[in-house]
Amino acid sequence: MVPVLTSRKACELPVNEVVCILQADLQSGLTQEEVTRRRVYHGWNEFDISEDEPLWKKYISQFKDPLILLLLASAVISVIMHQFDDAISITVAIIIVVTVAFVQEYRSEKSLEELGKLVPPECHCIRDGHLEHLLARELVPGDTVCLSVGERVPADLRLFEVRALLVLQDSDVQFNLICDGSAG
C-alpha cells in the first residue's frame with residue numbers, strides 16, 4: 001500500500017507518527033525502488049497547471065475588486081440621475097484601470113512561468129543513505145529533505161530537526177525560533 005498523508009494532517013501529528021504513516025526512514029531516506037513506486041502513485045512534485053483559466057474569465061475577474069465595484073455603482077447612479085457624461089467618464093476609467101491591471105497580472109504570470117523554467121527549484125535529499133542533489137520535482141512523500149541557509153522550501157515539509165530557524169513573513173515581521181534537537 002502506498003502511504004498517503006495530507007499536509008494538514010501531518011502538521012497536527014507528532015513526528016514519529018508522521019514517519020510511521022509515511023513509512024519513512026529519517027536517517028537513510030527512501031530506497032530508489034520505493035521512490036519509483038511512490039512516484040507512480042503520487043506523480044511528480046509539481047503544480048498541475050493544465051487547467052488554465054480562459055483569458056476572458058481572468059479579465060472579468062478583475063471587476064470583482066471592491067473599488068471597481070464601487071466605481072461601477074457610481075456609474076449606475078450617474079445613469080439613474082441622468083448624468084450621462086459622468087457615467088461615461090467613470091466607465092471609461094474603469095475599463096482603463098481593469099485593462100491595465102489585467103495586462104500587468106498576465107505579464108507577471110508569464111514571467112514567473114518562464115523564470116520557473118529557467119531556474120527549476122533544487123534540493124538536497126537523503127536517499128539510500130546518501131545526501132543527493134535533486135530537482136524539487138523529483139521528491140515523493142516520505143523523502144527526507146535537508147535545508148540550508150537561503151534555500152527555498154521545495155515542497156510541503158514536516159520539520160523534525162531544527163538548528164536555528166528564521167521565518168520571514170510578507171509584512172516584515174520576524175519570528176526567531178532557535179531549537180536544538182527535535183521539533184515535535
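Colleague: Are Arg38 and Glu34 buried or exposed?

Modeller: Both are buried in this predicted model. For Glu34, the relative accessibility is 16%. Buried means under 20%, so Glu34 counts as buried.

Colleague: What joins the side chains of Arg38 and Glu34?

Modeller: Start with the general idea. Side chains of opposite charge can pair when their charged atoms come close. Here, Arg38 and Glu34 meet in a salt bridge, at 2.6 Å from N to O.

Colleague: Why are Arg38 and Glu34 separated by about one helical turn?

Modeller: Because they are 4 residues apart in helix α3.

Colleague: Which other residue forms a salt bridge with Glu34?

Modeller: Arg37 does, and the closest N and O atoms are 2.8 Å apart. Arg37 also lies in helix α3, 3 residues from Glu34. Arg37 is partly exposed, at 33% relative accessible area. Together, Glu34, Arg37 and Arg38 are linked in a network of salt bridges.

Colleague: How many salt bridges does the whole structure hold?

Modeller: A search finds 6. One of them pairs Arg137 with Glu46, at 3.1 Å from N to O. This pair links distant parts of the chain, 91 residues apart. Arg137 sits in the loop between β2 and β3, and Glu46 in the loop between α3 and α4. Arg137 is partly exposed, at 32%. Glu46 is partly exposed too, at 49%.

Colleague: Where is Glu33, and why does Glu33 count as exposed?

Modeller: Glu33 is in helix α3, which spans residues 32-42. Its relative accessibility is 61%, so Glu33 counts as exposed; the cut-off is over 50%.

Conventions
Residues are numbered from 1 along each chain as its sequence is written. This is a predicted model: local features need pLDDT of at least 70, side-chain atom pairs count only at pLDDT 80 or more; totals for chains, interfaces and linings use all residues. Side-chain values use heavy atoms; hydrogens and water are left out. Helices (H or I, at least four residues) and strands (E, at least two) are DSSP runs, numbered from the N terminus. Buried means under 20% relative accessible area, exposed over 50%, partly exposed in between (1.4 Å probe, protein chains only). A salt bridge is a side-chain nitrogen of Lys or Arg within 4 Å of a carboxyl oxygen of Asp or Glu.
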